[in-house]
Each structure stands twice: as C-alpha cells, then as structure tokens.
Amino acid sequence: MRKSSLYIIISLLFCNLSCTEYLDVKNKGEVIPETAEEFSALLHKHLYNIDGAGEYAFFGAPSTAASYEAYTDNWDADLTTKLDLPIYVGSDISSLSFRFKSLYEVIRDCNIVIGELKERDTEFGKKLLATAYTIRAVCYYTLMRNYCEPYDKSNATKMLGVPIVKEFDMEGKPERSDLKETADFIVEDLKQAISLNQTDEHYRFYVDVSKAYLARVYFWMQEWALAASMAKEVLDKYPLISGEAYKEMIQSEVKQLGNVLIRSGISKSEGYVYTDMQKTKGRPLSLEFVNLFVEKERDIRYTFSFNTEFVNTKMLKTSLRTAEMCLIMAESYVHSGDTENGLKYLNHLRENRITGYTPYTESNLPAVDPAALVQVDAEGKPLTPLMAAILNERRKELYLEGDRWYELKRNGRPERWCGHSGVKYVTAKFLYTFPIPKEDIALNSGLIQNPGYETY
C-alpha cells in the first residue's frame with residue numbers, strides 16, 4: 001500500500017490550490033496506485049467521508065442539510081433570535097464557492113481509477129470502475145445544480161456548464177462546457193456504471209443508486225419520459241413503506257433503514273447530530289409550510305416533523321430514498337401530458353402517508369395558492385392545481401433533506417427576503433447559482449464567472 005499512501009499524502013496538499021492545479025498531479029509514476037487494492041483504497045477515502053458525514057463530503061452531511069434548509073422558505077423569515085445557521089444563502093457564499101474545489105478533488109481521484117486501473121476485466125476491477133463512474137457523475141451532478149443556472153432544455157447548448165475533466169493528467173486549463181454537454185457527460189457516466197451492474201452495497205454506489213441518480217439527472221434535464229421510466233424501475237424494486245416503519249426510517253439517526261438507498265453518517269454513534277439539531281431550534285417553521293399539512297395528525301409527517309411550537313423535530317440527515325422517485329414520476333407524467341399517471345403516483349405517495357386519505361381527482365384538487373412563493377413550474381408555465389399539489393407534496397415529504405432549495409431554483413428562482421437585526425436580506429435570482437472561485441477565474445480566463453458575481 002506504499003504508493004497509494006504516498007498518493008493520499010500528496011493529494012492532501014491540493015486543498016489550497018487552484019482549479020488548474022488540483023486537477024493535475026506531477027511525478028505520475030511515483031504516486032499513482034498500481035494494484036486494484038490500492039485503487040480501492042483511493043475510493044474508500046471518499047466513501048469513509050460519507051459514512052462519517054464529513055462536512056464537505058461530496059454526498060452531503062447533516063450540517064450542510066441544515067444550512068440549505070436555512071436558505072429556503074420552509075423556516076420562518078422573522079429572525080429575532082440568536083442564529084447558529086445562515087441568515088440566508090448570501091451568508092454562505094464563500095464556503096459554497098470553496099466546494100467547487102472539493103468536488104473536483106474527488107473527480108480527480110475518480111479519473112485516476114477510470115484512466116489508470118489495469119485490472120479492468122476482473123469482478124473486483126469492474127466494481128471499482130462502476131463506483132468511480134457513479135461518484136464522478138454525482139460530483140458533476142452536484143456541480144451542475146450548484147454552479148449552473150437551472151436547466152432549460154430548449155436553450156441548454158447556449159448555457160454555461162462546468163469544466164469537464166475526463167483524464168487524470170491535466171496540463172491545460174479546462175474551460176466551461178455548455179450545459180447540455182455537462183448533463184450528457186453525467187448521463188454517460190451513469191450508464192457506464194449501470195452497465196457494469198455493481199451490486200456490492202459496501203461500495204455505497206451500487207447499481208440501484210446509479211439508476212436513482214440517472215432518474216434525478218433526467219428530471220433536472222427535463223427529459224420527462226426518461227426520468228419517469230428510470231424512477232419507476234427503482235420504485236418497483238424498492239416500494240414505499242408507511243406507518244411506524246416509515247417513521248423509524250426517517251427518524252433513524254445512524255441506521256440505513258427501509259427504502260433508503262444511500263445515506264451519510266452510518267458509521268457514527270447515536271447523538272452525533274445533536275449540536276446541528278440544536279441549531280435548528282432558532283428557526284421555527286413558517287406557518288405557510290405548516291398549513292400544507294391539511295390532514296393534520298392523520299398525516300404521519302405532521303406528527304414528527306415539528307412540535308406544537310412549530311420547531312423542527314425531524315432528524316437531520318442526507319439520504320436518497322425512493323419516495324423521491326415516486327414524486328419524480330408524478331411530476332414527469334404531468335409534464336408529459338399524462339395527468340392520469342400523474343394523479344396515480346401523487347395518490348400513491350399520499351396513501352402511504354395519510355390515514356384515511358381522500359384520493360385526489362382532477363375535480364377535487366386544491367386551488368393554486370396565489371400567495372405561494374412558487375408560481376411557475378420547471379418549464380416556466382403557471383402552476384396548475386395538479387402541479388401545485390405535486391410540488392407541495394414533495395415539499396412536505398422531503399422537508400429538511402436538502403431538496404427545497406433546488407426546488408425553488410428549478411421552479412422560477414423566486415426572490416424572497418428575510419429580516420434580522422433591522423437588516424433586510426434579499427435572495428436575489430442570481431444567488432441561486434453559486435460563484436466559481438475567484439482564484440480560479442484569475443488563473444484561467446476560460447472559467448467564465450456566473451452572472452451577478454463579476455466583482456466577487
């Protein structure tokens with residue numbers, strides 16, 4: 001393991017380097033792993049970071065989930081108490097910019113495995129390649145959602161993507177691709193991983209996780225039919241659960257239960273998120289969000305997501321579970337003009353959450369709330385009652401799971417404000433897309449800065 005250890009030590013030196021440097025490693029023959037076991041150690045460095053819920057783990061962590069929730073309208077904007085979480089997204093811009101680098105450091109290691117692994121045809125080698133392809137795709141998916149504007153299918157070839165780096169040895173200065181090229185690259189990586197059929201869950205990113213991510217990517221790309229088809233494949237294999245089993249799954253601090261495909265923090269001991277849970281106490285849930293639970297106690301999510309003072313009681317975690325697949329299907333069918341299946345899967349989720357629920361039909365759907373923050377769908381069309389119901393159900397189901405911020409971004413990037421200590425903080429439209437690190441911009445003219453950050 002000497003060479004892989006040397007590589008890992010050297011890789012730590014890249015944390016303070018610019019984009020054009022942390023994608024490149026010199027003295028290649030001295031530091032590249034040689035055996036499959038050494039390549040495995042390279043990947044496990046990042047898998048351990050997920051299991052340990054490291055703050056900058058590329059998959060996410062409870063602390064970052066809490067911060068992302070603080071950017072949204074799920075929590076009250078009347079900030080009069082001492083705050084341990086960001087006031088709004090603008091408070092976190094510097095750290096959000098830094099994550100650009102950390103994601104490319106993971107990509108660099110995946111490129112080493114994909115490009116340099118010699119034992120490609122063994123079962124172990126295929127397992128490593130599948131894991132590396134999926135991790136690289138997840139990193140690019142995160143980069144796309146964070147550092148690119150919302151996907152517009154009709155205009156994606158004219159929109160800025162992120163630099164696509166396929167190889168380990170980078171002597172040049174990578175420029176930004178267009179958004180379609182970025183998304184297509186992610187899709188191809190996931191298809192490569194799926195074709196290798198990696199089923200060892202110890203490597204976290206097994207084939208069903210790859211399929212769920214592919215559904216997510218198609219959904220972000222507005223490829224509605226493809227998103228629905230892939231999400232259905234995952235949901236059929238991992239059906240929804242309900243009642244106490246569902247509650248136990250959601251409220252579990254460290255165990256991966258039910259139909260959770262992957263989650264962070266599973267190597268931790270009970271109580272590790274206590275400090276982060278305490279931070280959420282200073283931000284009561286917004287009354288507008290609480291009022292979405294019209295069935296009150298008959299909706300199991302109402303019973304454990306917050307207390308009588310509307311303070312959060314839902315467990316902090318980052319995970320991927322199949323309820324999201326059901327919601328992807330419902331919305332994708334509606335965008336495709338199939339309202340029958342859209343209603344079917346909306347009701348399928350509701351019947352697993354609400355005791356004695358009344359199925360929605362096109363005639364009994366709630367009216368669109370004219371005061372709601374989101375008023376348009378992902379295609380920029382005014383919300384219909386069915387689309388509004390799906391988005392509201394998603395908001396309730398995935399509360400505090402790092403989803404709402406991206407839903408706001410995906411559905412119109414509405415401006416909002418909050419006040420604290422006599423200051424008005426505005427989430428302007430451009431803030432939904434994070435800045436490229438200014439150090440990288442200074443060194444590489446091909447890394448065009450995102451609009452709104454020209455003086456950042």
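Axes are lines fitted to C-alpha atoms, for helices over the stretch in contact, with angles from 0 to 180 degrees between N-to-C directions. Helices are DSSP runs (H or I, at least four residues), numbered from the N terminus. The model is predicted: local features need pLDDT of at least 70, and side-chain atom pairs count only at pLDDT 80 or more, while totals for chains, interfaces and linings use all residues. Residues are numbered from 1 along each chain as its sequence is written, and side-chain values use heavy atoms, with hydrogens and water left out.

**View 1. Helix α16 against helix α17.** The axes of α16 (residues 339–351) and α17 (residues 385–397) come within 11 Å and cross at roughly 30°. The two are therefore roughly parallel (angles under 35 degrees). From α16, Thr339, Leu343, Leu346, Leu349 and Arg350 make contact (heavy atoms within 4.5 Å) with Leu386, Ala389, Ile390, Glu393, Lys396 and Glu397 of α17.

**View 2. Helix α9.** Just after α9, Gln222 takes a positive phi of about 65°.

**View 3. Ile186 and its neighbours.** Ile186 lies in helix α8 (residues 179–196). Its relative accessibility is 0%, so Ile186 counts as buried. Leaving out residues up to four places away in sequence, Ile186 touches Ala137, Tyr140, Tyr141, Met144 and Val217. Phe219 is 33 residues from Ile186 in sequence and 13 Å away in space, C-alpha to C-alpha.

Note on methods:
Angles under 35 degrees count as roughly parallel, over 145 as roughly antiparallel, 65 to 115 as roughly perpendicular and the rest as oblique. Buried means under 20% relative accessible area, exposed over 50%, partly exposed in between (1.4 Å probe, protein chains only).
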